[in-house]
Amino acid sequence: MTTKHTEGPWGQSSTMSSDFQGIRYITDQGGNRIAKVLYVDKKDQDELLANARLFAAAPKLLEACEDALLNLSGDFTKARLTTEELKQKLMFLISNTKWGS
């Protein structure tokens, strides 16, 4: 399947702004910046980091959704994962996206 978004996996990096607020960058496989998560008034650094984790996880979450759809279709000849493998993948991605690795 062809996509229009930057191919994953994505990562993240950080830096400090001139006002000492953290800035998180979402990066592609080569480390090139593709998005920036900025500090916004009334948001704390933990929320900024959580938002960056969610953005960075997007390609893997999309892939897991596609895997789930294949499994739910009932045609297991097209499924890339067993139901148990899919369950483990989803639990891992959700946990890492919510709490970090």
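Residues are numbered from 1 along each chain as its sequence is written. The model is predicted, so local features need pLDDT of at least 70 and side-chain atom pairs count only at pLDDT 80 or more, while totals for chains, interfaces and linings use all residues; side-chain values use heavy atoms, with hydrogens and water left out.

**Overall fold**

The chain contains 2 helices and 3 strands, where helices (H or I, at least four residues) and strands (E, at least two) are DSSP runs numbered from the N terminus. Along the sequence their order is β-β-β-α-α. Of the 101 residues in the chain, 23% are buried; buried means under 20% relative accessible area, exposed over 50%, and partly exposed in between (1.4 Å probe, protein chains only). The chain exposes about 7400 Å², and carbon and sulfur atoms supply 57% of this area, as computed by the Shrake-Rupley method with a 1.4 Å probe; for residues, only the protein chains shown count as cover. Among contacts (heavy atoms within 4.5 Å) between residues at least 6 apart in sequence, 33% join residues at least 24 apart.

**Nonpolar core**

The largest nonpolar core has 5 residues: Ile26, Val37, Leu48, Ala52 and Ala56. Such a core is a set of buried Ala, Val, Leu, Ile, Met, Phe, Trp, Tyr and Cys residues joined through side-chain atoms within 4.5 Å. H1 gives the most to this core, with 3 residues. Leaving out residues up to four places away in sequence, Val37 touches Ile23, Arg24, Ile26, Leu48, Asn51, Ala52 and Phe55.

**Arg53 and Asn51**

Arg53 lies in helix H1, which spans residues 45-72, and Asn51 is found in helix H1 as well.

| Residue | Relative accessible area | C-alpha distance to Arg24 | Separation along the chain |
|---|---|---|---|
| Arg53 | 16% (buried) | 9.4 Å | 29 residues |
| Asn51 | 33% (partly exposed) | 9.1 Å | 27 residues |

Beyond its neighbours within four places in sequence, Arg53 is in contact with Gln12, Asn96, Thr97, Lys98, Trp99 and Gly100.

**Rings and charges**

The charged end of Arg33 sits over the ring of Tyr25, 3.7 Å from the ring centre; the rule requires NZ of Lys or CZ of Arg within 6 Å of the ring centre and within 35 degrees of the ring normal. The count of aromatic pairs is 0, with rings of Phe, Tyr and Trp (its six-membered ring) paired if their centres lie within 6.5 Å; planes under 30 degrees apart count as stacked, over 60 as edge-to-face and the rest as tilted.
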